Amino acid sequence: MTELLRMCGISKSFPGVRALSNVSLSLNAGEVHALCGENGAGKSTLMKILSGVHQADEGDIFIEGKKVSIDNTKKAQQLGISIIFQEFNLCPHLTVADNIWLDRQPKTGPFVDDKKLIEKTQQILDELGLSINPKALVRSLSVAEQQMVEIAKAISFNSKILILDEPTAALTQSEIDSLFNIIYKLKAKGVGMVYISHRLEELARIADRVSVIRDGEYIGTYPYKEVTIDTLVHLMVGRELNNKYPVYQRKIGNVLFEARNIASNKVDVEHIQVHAGEILGIAGLMGAGRTELARAIFGADKTFHKEVFVDGKLVEINSITSAIKNGIGYITEDRKKDGLALNMTVERNVNMAFISNLCKKGFVNESAAKTNADKYINSLRIKTPSMFQKTRNLSGGNQQKIVLAKWLCNDIKVLIFDEPTRGIDVGAKYEIYELMNRLSDNGVAIIMISSDLQEILGMSDRIAVMCNGRISGVLNREEATQEKILRYATGLCDEEGKGA
Amino acid sequence: MKKFFSIFLTCLLVAAMLVGCGATGNTGNNSSNNGTPSSTPANNSGNDKVIKIALVTKMVDSPYWQTVKKAAEAKAKELGNVEITHLGPPTEADIDKQVQIVETCINDDYDGIILAACDKDALVEPVRKAKEAGIPVIMIDSGISEPIYDAFLATNNVQAGAECAKLMAELIGGKGQVAIINFAAGTQTAVDRETGFTQEIKNNYPDIEIVGVQYCNSDPTVAANQATDFISAYPGLKGIWGANDQSAIGVAQAVTEQGKTESVMVVGFDNSDDIKAGLKSGTIKGTAVQMPTTMGAQGVQLVVDILGGKAPASKDVDTGVTMVTTENMNDEKMQAILNQ
Amino acid sequence: MMSSKVETAKNGLFKNRSEFLQKFLAFGVLIFLCIFFGVLTGGNFLQIDNLLTIALQVTPYAILGFGLTFVLITGGTDLSAGSVLGFGGIVCAKAITLGFSIPVAILIGILTGVLAGLINGLFITKLNVTPFIATLGTQYAFRGLTQLVGQGKPVSIRALGDEQITKVFQFMGGGTVFGKIPFPTIIMLITATILGIVLSKTGYGRRLFAVGSNEEAARLSGINVVKTKLTAYIICGATSAMAGILLAARLASAQSNAGSGYELEGIAAAVIGGTSVIGGEGGILGTVIGAFVMGVLRNGLNLLKVDAFVQMVIIGTIIVLGVWYDTSRRKKQAESIKPVKNCESSK
């Protein structure tokens with residue numbers, strides 16, 4: 001087996017922070033090498049050094065045995081290194097073909113040879129077994145398809161080393177399967193891949209070896225077959241985590257939230273109800289209408305029809321304000337895009353949905369605002385040097401807690417979590433689950449949308465599965481299995497008319 | 001909600017358009033949007049042959065062109081057998097319209113054309129056609145790029161600038177520092193005025209120093225700020241020249257605010273309500289007033305002369321400026337010029 | 001982990017200093033320019049009379065800049081501010097010539113600005129026209145209305161011939177109180193105080209920053225985004241009209257071309273003062289300082305007798321350099337601070 005890459009004794013400091021210290025990594029041809037560590041452990045920094053975004057302070061990089069210096073991203077490209085970031089680097093307004101061959105389009109004279117461009121693109125897409133139209137605009141593609149385009153682009157560079165940063169974070173199960181099929185194909189072609197993921201279960205299907213980094217330090221490299229998930233988690237966190245999902249006996253009360261006949265452009269749900277202290281999981285494939293259902297309930301999107309009962313009373317929810325007034329909160333899927341104002345302080349974000357309650361005659365009572373922020377920083381254990389820190393500088397888990405705090409200020413009865421732990425490391429995930437349990441203890445009805453089936457199964461009391469904007473089935477905790485959920489999610493069996 | 005607002009905004013826009021049309025409509029009624037002549041039959045006592053002259057200006061309803069028209073009509077009345085028809089496009093930008101108007105004049109058998117060109121190139125052809133048809137063409141105010149006309153009557157801005165310099169020199173006793181606030185950098189009129197002023201000082205007043213030039217973009221507030229800074233930078237400053245009405249108003253304001261009305265002399269250019277008020281209060285010591293009346297009257301005279309077989313002595317005629325000062329402004333003649 | 005704690009402490013110090021710098025950088029530049037010009041002009045620049053002159057000169061730009069600061073914080077822009085300035089000024093002057101008393105005329109002028117801001121805001125929030133295009137269009141429209149009111153000519157109060165009215169009106173625009181302090185500057189400082197409090201102490205201020213920082217997050221937090229933005233444009237219209245009235249008052253004559261291009265001066269003042277053109281950041285104090293930086297530059301260069309054309313080059317370069325420095329510093333700051341992870345929670 002030929003060694004493609006070796007990184008030795010890599011160290012990197014940023015002003016005030018030592019991000020990496022003496023980290024090593026090697027990659028063989030045709031290998032998937034998983035890189036694990038909590039958020040902020042230094043995985044991304046290491047990969048940015050490899051792809052030329054940052055330069056290491058110390059340490060050497062060898063490609064196929066030759067020592068190289070990767071000064072910039074262009075150099076990395078020339079050396080056959082491609083990285084696919086969590087946030088894609090595609091131009092949404094250009095076609096798939098243009099994106100893949102950006103600035104390298106085949107030309108006749110000064111003009112782009114469109115025919116050849118499409119041909120070449122099709123060739124790559126065929127190679128990967130992708131059914132994407134080369135002429136489609138990238139913005140019209142799903143997240144998964146966009147990721148495939150990124151991979152196709154990397155292939156077009158003849159990359160031998162491919163870095164995948166959390167590639168499955170936004171994918172549904174079937175999409176993950178097709179991604180893995182592509183990874184198998186690439187393996188067969190001799191491409192070496194560094195694979196970063198928080199989803200340890202899926203690593204078992206593809207990873208050959210795994211390296212663990214903790215707090216910028218290199219912990220070790222192990223053949224994947226020889227480690228269990230528990231040991232891996234232990235290595236990453238540096239402490240024992242007995243169970244991924246806290247064992248908890250919930251006290252389920254009366255029906256607290258009920259909605260009938262929710263109809264909008266994308267959703268058609270006849271009945272959904274949640275009891276006090278209950279967690280209702282909503283599963284489904286991407287595009288099944290889960291987020292749309294949440295937004296419809298929350299009054300964020302227009303609905304043709306909707307009857308909502310809170311605490312048995314019919315309430316009218318025609319705007320976000322009225323939803324909040326009736327004790328409904330919504331924790332968005334993408335906290336950076338529409339959950340937080342990243343440039344603002346922790347205090348301002350915590351109080352964002354609570355401002356009117358902090359105002360006297362239009363003026364903000366600053367000390368009340370501080371007290372309120374302090375209260376939630378303490379009770380949710382938000383790790384921040386001060387409440388005046390910019391939210392941008394906090395880790396994903398702490399950011400998610402701030403979004404949560406935003407809703408807890410308001411006397412919330414029903415809380416919708418949309419992908420509550422996406423992109424959050426193991427330790428922080430556990431904390432979020434514990435917080436959900438605490439909320440349920442206080443009698444809050446929780447609706448949890450998630451693409452992570454383990455999470456759905458581990459946390460929900462009941463599970464509603466959505467398909468094509470409808471609820472295709474409802475399962476109790478006891479009867480639910482991954483298989484059953486997938487059958488409903490793919491529409492294999494549809495118990496129409498059955499409400500949640 | 002959204003629909004309501006779009007309807008509301010549409011209504012608002014329509015209303016605004018109606019108001020707009022109404023406003024131009026009021027003043028535009030007598031204007032010749034389609035070249036409808038607002039002719040003034042001359043008092044042709046006893047003489048059979050009436051000389052028909054078309055006065056084609058850049059637009060019709062501005063006070064400036066109305067002044068020109070009145071002067072031309074007065075001259076026609078004086079001569080007796082002349083009839084003036086005032087024509088022009090709705091705005092200065094309607095170059096095509098003006099071309100059409102001139103071409104129509106040729107067909108309508110006018111005996112002479114007095115023209116202020118909207119565009120120096122576009123009007124060359126129509127003027128050539130008129131000349132070929134044997135119609136004399138006198139240009140006023142704004143000329144054309146080829147000298148095919150019979151005569152060109154306009155303010156010579158270089159000369160006018162020099163006149164301002166002379167007045168300034170007289171006011172400060174031929175000695176000391178002066179500053180210039182010009183209204184634009186790089187516009188021909190502005191360049192000519194500035195050149196005239198500086199050349200005059202350089203050639204004839206060795207003891208006067210021009211300390212600097214600033215450009216205020218015809219914004220009186222900017223002119224005031226610049227003038228204030230000149231006064232701060234040169235404590236001994238004797239005078240400031242504002243090269244158009246807005247510049248002069250700004251300069252006068254600055255001098256008043258600094259309490260320097262008596263030590264810093266202000267000379268202006270052109271004529272407006274605010275300039276007149278400045279002259280009256282003494283903050284502006286003098287201003288160069290252009291002579292649209294001369295253009296109108298002399299234009300008519302020249303047409304009649306040419307038809308009578310008398311060619312003009314020179315093709316380019318400077319209609320000149322009149323320096324109106326605090327001292328002479330109450331003279332009857334000056335009052336007439338100020339209110340022309 | 002000992003080392004990490006030490007680093008965090010250092011990190012905290014660095015953060016504080018950079019926060020401090022961010023707030024006072026513009027002020028530092030201002031002080032530097034004052035000393036620079038003071039030395040080069042042999043103290044002439046620093047004479048109290050000259051400093052008060054500068055204060056009077058920057059007043060309209062600063063007032064215009066206040067409203068623009070609000071709009072910029074929402075992530076929008078208002079290119080029509082200069083036209084609204086002319087519109088408000090000329091409507092006020094026209095009202096006086098029509099026989100309205102000065103206070104009533106001022107009210108009418110400011111209401112004109114409010115209405116103009118409302119129209120801008122409706123285009124942007126209700127019809128979803130991007131601010132740049134919407135206000136580019138209204139820039140022409142409001143200028144046209146200004147010309148219509150003035151019939152293409154200035155509306156002169158002086159020509160009314162009423163000494164009393166002229167005197168009172170002119171006092172507002174250029175008179176002095178407490179010795180030599182220009183009256184409009186006092187108006188400007190009062191406005192700055194009020195708007196500064198609105199921005200930093202009220203619920204509206206918080207909503208404004210939230211909307212500018214992340215509109216969707218603000219909306220999903222129950223903030224009425226339309227109302228918040230609309231208010232910002234109305235404030236901008238009102239301050240623009242206010243600046244226009246003061247300009248008209250100073251000359252006792254409202255020019256129909258008054259304020260053309262001033263919106264860019266106002267935006268420059270706000271941006272030099274640390275307001276972000278992409279929204280979410282900014283402040284009134286910064287805008288006051290920014291306006292003074294521009295005014296001091298102009299005045300200082302004039303006193304140094306620098307050629308008018310060279311001045312344009314210098315001022316333009318300094319604006320770009322200033323903003324470049326500010327953004328690059330901010331970017332560096334965002335990159336260099338890693339997610340806070342290993343530090344203790346605050347209490």
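How far apart do the C-alpha centres of domain 1 of chain A and domain 2 of chain A lie?

A: The C-alpha centres of domain 1 of chain A and domain 2 of chain A lie 32 Å apart. This is a predicted model, in which local features need pLDDT of at least 70 and side-chain atom pairs count only at pLDDT 80 or more, while totals for chains, interfaces and linings use all residues. Residues are numbered from 1 along each chain as its sequence is written, chains are lettered from A, and ligands are numbered from 1, both in the order in which they are written.

Start with the two domains. Domain 1 of chain A covers 3–237, and domain 2 covers 255–489. Such bounds come from an automatic or database domain assignment. The contact between the two domains takes 16 residues from domain 1 of chain A and 16 residues from domain 2 of chain A. Two residues are in contact if their C-beta atoms, placed from the backbone, lie within 7 Å. On the domain 1 side, α6 (173–188) and α8 (229–237) of chain A each supply at least two residues. Helices (H or I, at least four residues) and strands (E, at least two) are DSSP runs, numbered from the N terminus. By class, that side of domain 1 has five nonpolar, seven polar and four charged residues. Here Ala, Val, Leu, Ile, Met, Phe, Trp, Tyr, Cys and Pro count as nonpolar, Asp, Glu, Lys and Arg as charged, and the others, Gly among them, as polar.

Strand β13 (residues 255–263) runs antiparallel to strand β14 (residues 268–275), and seven bridges join them. Two strands pair if DSSP finds at least two bridges between them. β13(A) and β14(A) form a hairpin, with four residues between them. Val255(A) stands opposite His275(A) in β14(A). β13(A) also pairs with strand β16 (residues 305–310) of chain A, in the antiparallel sense, over five bridges. There, Ala259(A) has Val308(A) in β16(A) as its bridge partner. In a regular strand the side chains alternate between the two faces of the sheet.

Now take one residue. Gly289(A) sits in the loop between β15 (279–284) and α9 (290–297) of chain A. Gly289(A) counts as buried because it has 24 C-beta neighbours inside 10 Å. A residue is buried if 20 or more other C-beta atoms lie within 10 Å of its own, exposed if 12 or fewer, and partly exposed in between, with C-beta atoms placed from the backbone. Not counting residues up to four places away in sequence, Gly289(A) touches Lys266(A), Val267(A), Met466(A) and Gly469(A). Gly289(A) and Met466(A) are 177 residues apart in sequence, yet 7.0 Å apart in space, C-alpha to C-alpha.

What about the core? The largest nonpolar core has 343 residues, of which Ile446(A) and Ile113(B) touch the most other members. A nonpolar core is a set of buried Ala, Val, Leu, Ile, Met, Phe, Trp, Tyr and Cys residues joined through C-beta atoms within 7 Å. Helix α10 (residues 225–251) of chain C gives the most to this core, with 16 residues. Leaving aside neighbours within four places in sequence, Ile446(A) has contacts that include Ile279(A), Leu280(A) and Phe417(A). In soluble globular proteins, nonpolar side chains tend to be buried together.

Step back to the chains. Two pairs of chains are in contact, and chains A and C share the most contacts. No contact joins chain A and chain B; their closest C-alpha atoms lie 13 Å apart. Between chains B and C, 27 residues of chain B are in contact with 25 residues of chain C. α7(B) gives the most to the chain B side, with eight residues. Chain C itself has 13 helices and four strands.

Finally, check the confidence. pLDDT is the predictor's confidence in each residue, from 0 to 100. Chain C averages a pLDDT of 86, and 88% of the residues score at least 70. Over residues 1–16 of chain C the pLDDT is below 50. Chain B averages 84, but pLDDT stays under 50 over its residues 20–47. Where pLDDT is low, the predicted coordinates should not be read in detail. For the complex, the predictor gives an ipTM of 0.77 and a pTM of 0.76.
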